[in-house]
Amino acid sequence: MASSSSLPPIANNPDVRFLGATLGDVIRGYGGDALFEATEAIRRASVERHRDGGDGDAIQALLTGLGLDETLDFVRGFMLFSMLANLAEDRQGIAAEAGADVASALATLADEGIDRAAVLDLLAHALVAPVLTAHPTEVRRKSMIDHRNRIAELMRLKDAGAEETPDGDRVDDAIARQIALLWQTRVLRRERLYVTDEVETALSYLRDVFLPTIPALYQRWDRAFGERVPSFLRPGSWIGGDRDGNPFVTAESLRTALGRACETVLVFYMDAVHALGAELSISTEHSAVDARVAALAEASGDAAASRADEPYRRALSGIYARLAATHQALTGKAAPRPGRLHGEPYADPQALRADLAALAHGLSQGSTLKSSGALGRLIRAVETFGFHLATLDLRQNSAVHERVVAELLKVAGVEADYGALDEPARVALLRRELAHPRPLASRFTQYSDETHGELQIVLAAAEAHAKYGPACITNYIVSMAQSVSDLLEINLLLKEVGLYRGGDRPEAAIMAVPLFETVGDLEAAPAIMTDWFALPEIATIASRRGHQEVMIGYSDSNKDGGYLTSTWQLSKASTALRPVFEAAGVGMQLFHGRGGAVGRGGGSSFAAIRAQPPGTVQGRIRITEQGEVIAAKYGTRDSAMTNLEAMASATLLATLEPARLSNAENAEFGAAMDALSDTAFHAYRDLVYGTEGFRTFFRQMTPIGEIAGLKIGSRPASRKKSDAIEDLRAIPWVFSWAQARVMLPGWYGVGQALDAFADKALLRDMAQGWPLFASTLANMEMVLAKSDIDIAAHYAELVEDEGLRGHIFGRIRDGWQRTVDGLLDATGQTRLLEKHPALDASIRLRLPYIEPLNLLQIELMKRHRAGEDDPRIAEGILLSINAIATALRNSG
């Protein structure tokens with residue numbers, strides 16, 4: 001690897017300089033000269049060490065001189081710098097990728113002979129859906145994120161040359177005020193998050209970003225295509241419906257999430273209609289009136305003399321009144337501005353769209369007003385968001401369904417011991433019950449709390465379908481799906497509330513979706529789906545729907561088999577599923593359960609979608625967005641536009657572009673990847689699951705125990721009351737390794753695989769010509785660049801058994817070096833990120849700000865574990881976890 005002295009200089013980002021200097025002024029002003037000077041001395045020492053090399057003794061000496069109060073303030077200062085640096089980088093477009101927009105995708109496809117008509121045909125049945133989840137990887141409080149977003153807005157004013165805000169403040173003063181507020185805002189949550197908190201946080205992104213941004217994106221795409229494109233981009237959510245391992249998500253949570261979403265979107269529509277009423281002042285004295293507009297005006301009940309010649313305003317008054325009535329009917333609350341007119345509630349979003357379309361048709365008679373404008377954006381919003389805002393998924397573990405169905409069957413006198421039946425017997429029994437119209441459950445029977453809770457969930461889902469429309473819930477995801485009976489159990493529960501109907505024309509209002517998570521589950525997926533489609537009633541339902549979704553999980557497959565094996569098994573499973581779906585005559589819709597960190601499937605969505613196996617995207621894809629990724633991608637409208645367009649353009653390219661590899665290359669590369677995966681799998685499993693004492697090493701080296709104090713989610717960290725790696729959730733597993741700067745889930749085993757593979761020239765060919773391998777290495781390269789094996793060695797000193805420490809950490813250090821060397825050889829580089837200068841500069845900019853935080857965290861953990869009970873020590877550990885996660889960006 002290159003020495004620090006040979007690294008290129010980091011380009012100065014003017015926003016980083018400006019925001020950093022302003023933060024320094026704030027620290028001096030509120031913390032005093034002594035704190036500022038101490039912080040600046042540590043910063044300079046760390047920057048010099050990373051620029052010139054050195055052993056870090058100067059940094060350690062300066063840190064040792066800090067008292068506990070100064071330590072807390074110092075950590076906050078470095079955390080805020082990282083937060084502001086993230087903002088500055090986002091503004092400079094570092095997150096944007098070349099070609100990751102729809103116009104570029106159209107040009108690329110045109111070069112391949114694929115015209116816009118073919119793209120429009122695809123979009124007619126396409127779906128691109130980012131799905132927000134409440135997975136606990138966002139360490140920052142919403143208050144911190146809100147201040148950050150206000151700074152972003154003010155920086156945009158500064159870009160435009162404005163010296164004052166609309167309220168009359170100097171822009172620079174307003175920015176300094178927001179940074180001062182950040183400095184004085186409590187960083188850590190004192191109480192654990194509740195599901196309702198997570199719902200409200202998600203709603204803030206949907207309301208403030210998705211609602212205005214998606215219609216604006218469509219306007220851009222309409223211009224690119226030269227005509228109006230079908231609506232295919234729709235947000236989803238798990239928040240309030242994901243019960244897997246979270247006992248706090250109940251039927252009441254589901255009702256709350258759906259009700260608040262409906263309320264949010266209806267208020268948005270009413271505000272938009274109110275604004276249109278102010279804008280569309282068209283008078284009959286100067287314009288002919290379309291008959292449909294006139295009819296809406298007459299039906300509105302608006303008899304104000306001042307608007308007698310303004311049919312659009314009168315029509316909009318009627319639409320507003322009907323929306324206010326819809327708000328009352330669906331939420332049980334009066335609209336915020338109910339208005340003086342009374343109207344009938346809209347039966348569904350299509351009726352609202354029809355009224356708005358009538359106004360648009362009237363405006364289209366002219367040459368200028370026929371362009372979409374605000375009315376066009378509102379129509380697009382109604383098409384996209386309906387009365388539900390975001391489609392909410394249900395999710396539960398298959399083991400829960402098995403117990404619930406067993407109890408229902410036993411109490412109903414159908415089967416005394418469902419759990420004892422083999423798979424064929426279960427399938428036969430479930431199919432008989434699904435064909436029978438009678439329900440199993442009785443309201444006069446006392447069921448276990450678990451069964452009662454699951455029945456209440458499907459009842460709430462049925463109520464939601466009747467209230468908000470079928471688009472509010474369309475998918476029921478089965479975690480740890482391992483058989484056809486796991487899916488049929490969902491249909492049996494849905495049948496209890498009328499959401500599944502058997503008979504000659506079977507129907508399922510909600511689709512049962514298997515989630516294949518472990519390496520073994522991914523290997524079994526094609527056989528399970530073959531058996532699923534072999535059931536005539538299922539084939540009928542899927543054929544009528546046109547597609548069937550399969551979810552593939554990145555997190556657990558990685559924890560189970562390591563990074564390379566997880567990546568390859570996910571790709572192989574997708575490829576193997578394709579002929580199964582083709583034989584069934586059903587479209588395949590893959591739902592990618594990705595996290596923020598590479599060890600949980602993170603990295604560039606644009607590159608990841610384009611790297612999917614040929615023929616597996618099919619114009620339909622859903623991807624989870626969780627934790628810190630939501631704020632990073634969708635914290636502002638600008639970043640949301642960039643990331644949503646990247647998803648859309650990658651989906652078009654992955655679906656329509658010709659295959660890049662020949663059959664021979666696919667076979668050769670696939671065989672090589674099989675060999676690499678096998679070696680990596682055994683190396684990873686041997687370390688994590690086959691090494692005596694590894695569990696103790698992991699829990700002593702990393703802050704896994706301390707992370708539980710962050711209160712960043714409503715869900716418990718482990719599936720069971722156990723300290724086994726198998727029972728630990730993937731998020732804290734990845735998060736804790738990131739804090740210790742090892743990042744082990746994102747690379748371990750790959751170095752051994754690359755080293756053992758004899759044909760190094762073939763590896764270089766794969767890195768150059770195979771998108772999957774290139775993307776796999778690129779994501780791993782980012783992880784390695786953020787890791788620091790020397791800092792990790794300091795964390796290893798926390799392991800009490802010297803022999804255990806030396807043995808296991810020695811293997812980790814050796815694996816890390818082999819991985820770096822193998823990657824550099826395969827990619828033809830002399831140092832990490834040599835071919836990615838923007839990302840290289842981004843990471844190297846923040847490394848000097850992370851190392852002191854790591855060193856402080858280690859010292860505080862030593863004191864905490866030694867029994868010191870000063871509350872500032874625990875506070876400092878949690879602050880440091882927060883600060884390191886902020887600096888690393890995608891740590892969970």
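How many residues of strand 9 (residues 547–553) are buried? Seven of the seven are, so strand 9 is largely enclosed by the rest of the structure. Buried means under 20% relative accessible area, exposed over 50%, and partly exposed in between (1.4 Å probe, protein chains only). This is a predicted model: local features need pLDDT of at least 70, side-chain atom pairs count only at pLDDT 80 or more, and totals for chains, interfaces and linings use all residues. Residues are numbered from 1 along each chain as its sequence is written, and side-chain values use heavy atoms, with hydrogens and water left out.

- Strands (E, at least two residues) and helices (H or I, at least four) are DSSP runs, numbered from the N terminus.
- His547, Glu549, Met551 and Gly553 point one way from strand 9; Gln548, Val550 and Ile552 point the other way.
- Strand 8 (residues 511–516) pairs with strand 9 in the parallel sense over two bridges; pairing takes at least two DSSP bridges.
- Ile552 is the bridge partner of Phe516.
- Strand 10 (residues 587–593) runs parallel to strand 9, joined by seven bridges.
- Glu549 stands opposite Gln589 in strand 10.

**Salt bridges**

- The structure holds 57 salt bridges, each a side-chain nitrogen of Lys or Arg within 4 Å of a carboxyl oxygen of Asp or Glu.
- Glu450 and Arg403 meet at 2.8 Å, N to O. Glu450 lies in helix 17 (residues 449–468) and Arg403 in helix 15 (residues 398–411), so the pair ties together parts 47 residues apart in sequence.
- Glu310 bridges to Arg313 at 3.2 Å between the closest N and O atoms. Glu310 is buried at 12% relative accessible area; Arg313 is partly exposed at 22%.
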